[in-house]
Amino acid sequence: MYTAALSNVSKELEEAATIDGANFLQRIWYVQLPAIKNIIVIQFILSAGNIMSVGFEKAYALQTGMNLPTAEIISTYVYKIGLLNGDYGYSTAVGIFNSVINVVLLLLVNKVVSKLNDGEGL
């Protein structure tokens, strides 16, 4: 994605920076990074949204009796409490709490992005 975004950078702008005496790092900082800033912001928001969603299958498959106290994550906990123990209300509350944490993280990331992006968030 970054390579595709960099291919859209104006060649005239690159040449003008070179003629004006910009070195390699200055061309990256003042020409190429502003061209891919939107892609960087979108990727940052998407990766922040995936912080709390650890792969359930991998964690569940690797759990044993010996490592269970330290290998428990929210998604496996919700599965065990809700489906194995039958406590649907509590497991729903834990799942909703996980979703609330995700929303708060996304709002914080959007606030950071709006500070870096001259007041424009997503």
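The questions below take up aromatic pairs, a pocket, a core and some single residues of this predicted model.

User: How many aromatic pairs does a search of the whole structure find?

Analyst: A pair of aromatic rings is described by the distance of the centres and the angle of the planes. Rings pair if their centres lie within 6.5 Å. Searched over the whole structure, the number of aromatic pairs is 4.

User: Is the pair of F56 and Y79 stacked or edge-to-face?

Analyst: The ring centres of F56 and Y79 are 5.5 Å apart, and the angle between the planes is 65 degrees. Planes over 60 degrees apart count as edge-to-face. The pair of F56 and Y79 is therefore edge-to-face.

User: Which helices does the pair of F56 and Y79 tie together?

Analyst: F56 and Y79 are 23 residues apart in sequence, so their pair ties together separate parts of the chain. F56 belongs to the helix of residues 56-61, and Y79 to the helix of residues 74-84. These helices are α5 and α7.

User: Are F56 and Y79 buried or partly exposed?

Analyst: Buried means under 20% relative accessible area. F56 has a relative accessible area of 25%, and Y79 has 24%.

User: Which residues form one aromatic cluster with F56?

Analyst: F56 and Y79 are already joined as an aromatic pair. The cluster also takes in Y60. With F56, the members are Y60 and Y79.

User: What is the angle between the planes of Y77 and Y90?

Analyst: Y77 lies in helix α7 and Y90 in helix α8 (residues 88-116), 13 residues apart. Y77 is partly exposed at 29% relative accessible area, and Y90 is partly exposed at 40%. Their ring centres are 6.2 Å apart, and the pair is edge-to-face. The angle between the planes is 80 degrees.

User: Which helix gives the most to the lining of the largest pocket?

Analyst: The largest pocket has a volume of about 200 Å³. Its lining includes W29, L33, K37, V41, F44 and V113. At least two lining residues each come from α3 (24-35), α4 (37-49) and α8. The most, 4 residues, come from α4.

User: How many residues in the lining of the largest pocket are nonpolar?

Analyst: Among the lining residues are I40, L116, K37 and N117. By class, 1 residue of the lining is polar and 1 is charged. The nonpolar residues of the lining number 8.

User: Which residues is A48 in contact with, leaving aside its neighbours within four places in sequence?

Analyst: A48 is one of the residues of the largest nonpolar core. V109 is another member of that core. Beyond its sequence neighbours, A48 is in contact with L106 and V109.

User: Is G82 buried or exposed?

Analyst: G82 is found in helix α7, where the buried residues are T76, K80, I81 and G82. The cover over the buried residues of α7 includes α5, α6 (68-71) and α8. Since buried means under 20% relative accessible area, G82, at 4%, is buried.

User: How far apart in space are G82 and T92, C-alpha to C-alpha?

Analyst: Leaving aside neighbours within four places in sequence, G82 is in contact with D87, Y88 and S91. G82 and T92 are 10 residues apart in sequence. Their C-alpha to C-alpha distance is 7.6 Å.

User: Which residue takes a positive phi just after α7?

Analyst: Helix α7 covers residues 74-84. Just after α7 there is a residue with a phi of about 80 degrees. That residue is G86.

User: Which residues does N102 touch, not counting residues up to four places away in sequence?

Analyst: N102 lies in helix α8. At 19% relative accessible area, N102 is buried. Residues up to four places away aside, N102 touches G49 and M52.

User: What distance separates the C-alpha atoms of N117 and K37?

Analyst: N117 sits in the segment after α8 and is buried, with a relative accessible area of 15%. Both N117 and K37 line the largest pocket. They are 80 residues apart along the chain, and their C-alpha atoms are separated by 8.7 Å.

How values were computed. Residues numbered from 1 in each chain as written. Predicted model: local features only at pLDDT ≥ 70, side-chain atom pairs only at ≥ 80, totals over all residues. Heavy atoms only, no water. Phe/Tyr/Trp six-rings, centres within 6.5 Å; stacked < 30°, edge-to-face > 60°. Buried < 20%, exposed > 50% of the residue type's maximum accessible area, 1.4 Å probe, protein only. 1 Å grid on protein atoms, 1.4 Å probe; cavity = no way out; pocket = protein on both sides within 12 Å on 5 of 7 lines; lining within 4 Å. Points joined across faces, edges and corners; volume = space filled by probe spheres on them. Nonpolar A, V, L, I, M, F, W, Y, C, P; charged D, E, K, R; others polar. Core = buried A, V, L, I, M, F, W, Y, C linked by side-chain atoms within 4.5 Å. Contact = heavy atoms within 4.5 Å.
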